[in-house]
Amino acid sequence: MQSGTANTKEWVLDFEPEQAREIEPLMGWTSSGDMRQQVRLEFDSAEEAVAYCERHGIPYQVFEPKRPARRAISYSDNFAFKRREPWTH
């Protein structure tokens, strides 16, 4: 698990699939004839993304980003007397 926040400030427009994916019988790969699944548009703000959708008549849903739950811990907590599990190598 990574805790970095690089490249997480933009808003993304992903299109809903119009066709279901199919399993190719010879190789077992999944494929689809829907070309819009390959398109991913990025915007600097939510307002720009909403304006683009409204201008082109695309139905949309806005999902607000969730703030990560961060625990404040320090290295010295590894050696605390109140530690629940014993510290070993």
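This is a predicted model: local features need pLDDT of at least 70, side-chain atom pairs count only at pLDDT 80 or more; totals for chains, interfaces and linings use all residues.

I started with rings, so I needed the rule: rings of Phe, Tyr and Trp (its six-membered ring) pair if their centres lie within 6.5 Å, with planes under 30 degrees apart called stacked, over 60 edge-to-face and the rest tilted. By that rule I found 1 aromatic pair in the structure. The ring centres of Phe 43 and Tyr 52 sit 5.5 Å apart with planes at 45°, so I logged the pair as tilted.

Residues are numbered from 1 along each chain as its sequence is written, and side-chain values use heavy atoms, with hydrogens and water left out.

Next, the fold. I count helices (H or I, at least four residues) and strands (E, at least two) as DSSP runs, numbered from the N terminus. That gives 1 helix and 4 strands, in the order β-β-β-β-α.

Then burial: buried is under 20% relative accessible area, exposed over 50%, partly exposed in between (1.4 Å probe, protein chains only). Of the 89 residues, 10% come out buried.

Which residues make up the largest nonpolar core? I got Leu 13, Phe 15, Phe 43, Ala 49, Cys 53 and Ile 58. A core here is a set of buried Ala, Val, Leu, Ile, Met, Phe, Trp, Tyr and Cys residues joined through side-chain atoms within 4.5 Å. I also checked contacts (heavy atoms within 4.5 Å). Beyond its neighbours within four places in sequence, Leu 13 touches several residues, including Phe 43, Tyr 52 and Cys 53.

Last, salt bridges, meaning a side-chain nitrogen of Lys or Arg within 4 Å of a carboxyl oxygen of Asp or Glu. I found 2 of them. Asp 14 pairs with Arg 40, closest N and O atoms 3.9 Å apart; Asp 14 is in strand β1 and Arg 40 in strand β4, 26 residues apart. Asp 14 is partly exposed at 47%, and Arg 40 is exposed at 53%. Arg 36 pairs with Glu 18 at 2.8 Å between the closest N and O atoms. Arg 36 is in the β3–β4 loop and Glu 18 in the β1–β2 loop, so this bridge ties together parts 18 residues apart in sequence.
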